[in-house]
Amino acid sequence: MSENSYDENFVAWFRAVTPYINAFRGKTFVIAFGGKAIASEFIKTLAYDVNLLASLGIRLVLVHGARPQIEEELREKNLESKYHRGYRITDADTLDCVLDAVGSVYLEIEAMLSQGLPNTPMANSRIRVIGGNFITGQPIGVLDGIDMHYAGKVRKVDSEGINAQLGLGNIVLLNCEGPSPTGEIFNLQMEEVAEGVAVALKADKLVYLTDSAGVTDRAGELLDAVTADEASQLLRDADWLTSDMMRYLPCTVRASRSGVGRVHLIGYAQDGALLRELFTHDGVGTVITRESLENIREAKPDDIAALIALIEPMEQEGILVHRPRELLEREIERFSIMLHDGIIVGCAALYPHSEEEAELACLAVNPDHREWGYGEQLMERIFRRAKKSGIKRLFVLTTRTEHWFVERGFKLGTVDDLPAAKKEMYNYQRRSKVLFKTL
Ligand SMILES: CC(C)(COP(=O)(O)OP(=O)(O)OC[C@H]1O[C@@H](n2cnc3c(N)ncnc32)[C@H](O)[C@@H]1OP(=O)(O)O)[C@@H](O)C(=O)NCCC(=O)NCCS
């Protein structure tokens, strides 16, 4: 790559992430990773990326597990590792191993986040990592006749305490131990701690780093977004999910149904996966949401700035007719907009010309989001709005998109077919094609 194109890519990339940086500042993210991720070679770069997120003003809670490290401890002490219904049967000897393993993993992560070597991304970073008794555990008890001893569940999350630390700019680091009011310590599931914390904090994001890149369909294709309902359907039907997925997916469903904005599943073994998932439109893993990610709604005055940012480049290219801000302010209710992940990526407007005839105007989709069917969905929206208000015939003027409309049932007409008022305003220099559709 030449130096020039590298520079251009860098600038374009930096600009492209700006909306995310703005959107994420002051937001709360819970990031959960198991012991396998910690033992992997990627833990170091993960620490770099966590540092970056903290520097951008994101309030971070990290939750770690230590399953392989606990297994190792058990092996060293010749103790058997026993599970029932996904929970470790934690007798007193096992609990000792859990405490040892979790304690040393915790310190390892703390050390990772305390680095500040000048030739690394951690240079000049001053992350303060805080742990504490923010989680209260309770025993699972006897499950199907099996005494689970010190295996526990989350009973309470001290969200006030965690929020106080986040407010001070500290990263809160939690593990899978939950002390109880009786003075005992329970061995919790890391994924349930993360879920409990995210729900209690009403986190904007909960991210699980897993051993696969995300949720896949039967054919092994990565699903980039699923709703909570689709995820629970997968849990019932999908026999191809990895054991990590079977553990994490139920937590993702509950968390997103309980109001956590977005829940992400990404692979820890892909360098930079966390950044790519959070700062690119397509992401690299699976996002679980309560509702579908895309949605269309009518535009509001607050949307004007984003609308201008969307259509201005196309106006400059001469693809769309220029609409000054004052005009948009007056006509904002004519617009429908398409949002992806909260960002406006498309628009279309309906301009009635008579009781039965209206113009479909300013149909535009951000170039990065084209060919995803958004254009068609926006058009359908305008059709519905038009039909609702009794419009029988729509027309559209376009210089470059004639075929797109023809393929969607529009018929080429002439300027003379336009309503009189529109005909008078027709710009003979633009020489737009005129297309009609009977609804
Ligand atoms: C026209 C436009 C809104 C389509 O948006 P989109 O979200 O990409 O549309 P969809 O995903 O629903 O449709 C994509 C399909 O249209 C095709 N397509 C895109 N532009 C086209 C064009 N100018 N002519 C013919 N077909 C076109 C794509 O190849 C794709 O075909 P496929 O489904 O066979 O793969 C978008 O290209 C755009 O913003 N263009 C600039 C603004 C414009 O010209 N607006 C119309 C005048 S108001």
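Buried means under 20% relative accessible area, exposed over 50%, and partly exposed in between, with a 1.4 Å probe and protein chains only. The model is predicted: local features need pLDDT of at least 70, side-chain atom pairs count only at pLDDT 80 or more, and totals for chains, interfaces and linings use all residues. Residues are numbered from 1 along each chain as its sequence is written, and side-chain values use heavy atoms, leaving out hydrogens and water.

**View 1. Arg325 and Glu329 form a salt bridge.** A salt bridge is a side-chain nitrogen of Lys or Arg within 4 Å of a carboxyl oxygen of Asp or Glu. Here the N to O distance is 3.8 Å. Arg325 is partly exposed at 40% relative accessible area, and Glu329 is partly exposed at 44%.

**View 2. Lys153 forms a salt bridge with Glu192.** The closest N and O atoms are 3.4 Å apart. Lys153 is partly exposed, at 33% relative accessibility, whereas Glu192 is buried, at 13%.

**View 3. Glu298 forms a salt bridge with Arg385.** Their closest N and O atoms lie 3.4 Å apart. Glu298 counts as partly exposed at 30% relative accessibility, and Arg385 as buried at 18%.
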